[in-house]
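User: Please go through the packing and the chain contacts of the structure shown below, giving the criterion behind each term.

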Amino acid sequence: MSAATETALGLTESKGAVAKAVKFVVYAGLFVVFAGPLLALLVSSFNHVSDPTQLSIVPKSPTLDNFRIAFDHGVLKYLFNSFFVVGFGLLLQVAVSVLAGYALARKIFPGMTLVMVAILATMMLPEEILALPLTLVLADLPLVHLNLMGTLAGMIVPLGAWAFSILVMTEFMKDVPKELEEAARIDGAGEFRIFAQIILPLCKPALGVIGVFGFTMIWDQYLLPLLVATNSDSYTLPLALRTLRIDPVVTPGVVMAASLLALLPSVMVFLFFQRSFARGLTAGALKG
Amino acid sequence: MSLKEAAPPVPPPAAPPSGARRRGSGARSGARKRSGKWWIPWLFLAPALILFVYFKFIPMAQAVSMSVQEVRPYLGNTWVGTANYVEILSSEGFRSATWNTILLAIGQTFGSMALGFGLALLVEGQTRKLTFIRSAAFLPVVVPIAVVAELWRIMYHPTSDGLLNQVIGLIGLGPSGFINDPDTSLASIAVTGIWRGAPYDMMIFLAGLAGIDRGLYEAATVDGASTKQRILHVTLPGLRPVFAILFVLAAVRGFRSFTEVFLLTNGGPNGSTEVVMTLIYKLGLEQNRLGVGSAGAVLLFVATLILTVCVQLLRKRRAV
């Protein structure tokens, strides 16, 4: 028995037929509990489901009608809004994080500890707690007096700076050897060039982490769009699910079709970038 | 558009440092300090700091200031001191919402951690099958919360042909009203929360399990320890820091839960699932009582702060 495969339960050791059967049942049960509801969602979205009490689990009479009806209710527009928000939101978030990370990781300057404390403090200020004043701030941005209520920009800019991304970037940029930077400096490279051409290209794994986490974080937003969207034109897809459901002529099959469109992007991102995901989970949680 | 305004200013490339040709001694220790003007780090930090000030610190200051005023749009606010706090603390609605929030946070935190720990033990390992099961089990975490709520809403259908009622009917239970019955509504929301929270905890536990010295397991086996003893004396102590972190994360998440409650029950039936956040939302945005709502938000903030600080202190003491 090699030490590398040793686990807490030592399940790999159990060999008998009974043990195997028990294991199979346990894993099948796990699969049904966690992935089952999502499979039901998938199947229902392609089936005629008119009964509000049911999801279809067995595929029968496959149809695209649910999607057609969902599109008639403007789901494509909401999907576009969601992509707009996640696209620009992520761009802004990544740009802000790499810039801040560079300063925090590669420079020593007076006030640095204070900045670090301020950034960590924002983790204690989730937008749930700030919901009410945030609507006032967004309705009349201090100094510039812009009203972002009812605009997609209002759902984007508050997400621009995210402490998690900045911390991941900072930690990673700290590990880039100083010699590389010095060599570039001796060759006459300017500050921005060093940032963009020396440090940033070496941080691709960290960019993957903050990209994947930023995407799922922004895609999952609910309260912020709910506060900002003053009319259905600026709804994102998650917001639209509720209005779809309340609509008396819409069947659960249609709600599930719209839900499928709402979950696919983040599920795909997770499935394609699992490695970045796992890395970020431990970075985010275990460093605490 | 305003979007441009918030976009990070591109820092202009700084002039090459004057001593660029200098080489050799002293470069190492001085590299970070002499690398440019004092304002360069602030230029790089500016976008982040501006956004944090606008969307975190100003709103927080405003929450505190609104909580001691009567907020009257167009008329100007009037100072009311602690009246908002007195009002919200003495209201029956806030007290029951606080109680519901605590129950929900406890249920979700311990449910997710217990289930997540069990799952992690079951799926720990390197085989292909396990990787597949792990990914499948993790899916609920990446599904948007709004979708989770809509999906569970249908599954919780209160009649006997609802999906979950059929499942519990197989073992002779039900039909339950789930989210439509004041007795089971809060527990139902907790179950949905655990479904989404347990796989997340599982992943963190797995990372923690990977950090446990394999040699300890072997030693324990050689010493004739049973599986139970191995978990009790090797696994659990090794995971202690993970438990502490997950506890804080999950408890804070539970304190501020909003979306799942808002979409599944919106506080009903009969106020049985009203939590602090849904109450604040209703006070502030539906009844326009921003002062009282802000007082509630400040209290919620203080509660999460106290919880985090306490756990950190406990961790520190134990570590020393």
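User: Which residues touch the most other members of the largest nonpolar core?
Analyst: This is a predicted model, in which local features need pLDDT of at least 70 and side-chain atom pairs pLDDT 80 or more, while totals for chains, interfaces and linings use all residues. Residues are numbered from 1 along each chain, chains are lettered from A in the order written, and side-chain values use heavy atoms, without hydrogens or water. The core has 188 residues, where a nonpolar core is a set of buried Ala, Val, Leu, Ile, Met, Phe, Trp, Tyr and Cys residues joined through side-chain atoms within 4.5 Å. Those that touch the most other members are M173(A) and F55(B).

User: Which helix gives the most residues to this core?
Analyst: Helices are DSSP runs of H or I with at least four residues, numbered from the N terminus. The top contribution is 15 residues, and it comes from helix α3 (residues 75–106) of chain A.

User: How are the rings of Y102(A) and F44(B) arranged: stacked, edge-to-face or tilted?
Analyst: Rings of Phe, Tyr and Trp (its six-membered ring) pair if their centres lie within 6.5 Å; planes under 30 degrees apart are stacked, over 60 edge-to-face, and the rest tilted. By this rule there are 30 aromatic pairs over all chains. The centres of Y102(A) and F44(B) are 4.7 Å apart and their planes lie at 40°, so the pair is tilted.

User: What is the relative accessible area of F44(B)?
Analyst: Buried means under 20% relative accessible area, exposed over 50%, and partly exposed in between, with a 1.4 Å probe and protein chains only. Y102(A) is buried at 0%. F44(B) is also buried, and its value is 2%.

User: Where do the buried residues of α8(A) fall around the helix axis?
Analyst: In helix α8 (residues 178–186) of chain A, the buried residues are E181(A), E182(A), A184(A) and R185(A). The arc is taken from the directions from the helix axis to the C-beta atoms. These residues fall within an arc of 160°, so they line one face of the helix.

User: What area is buried between chain B and chain A?
Analyst: Contact means heavy atoms within 4.5 Å, and 113 residues of chain B are in contact with 115 residues of chain A. Buried area is the accessible area (1.4 Å probe) that two parts lose on being put together, summed over both. Carbon and sulfur atoms give 76% of the total, which is about 10200 Å².

How values were computed
Helices (H or I, at least four residues) and strands (E, at least two) are DSSP runs, numbered from the N terminus.
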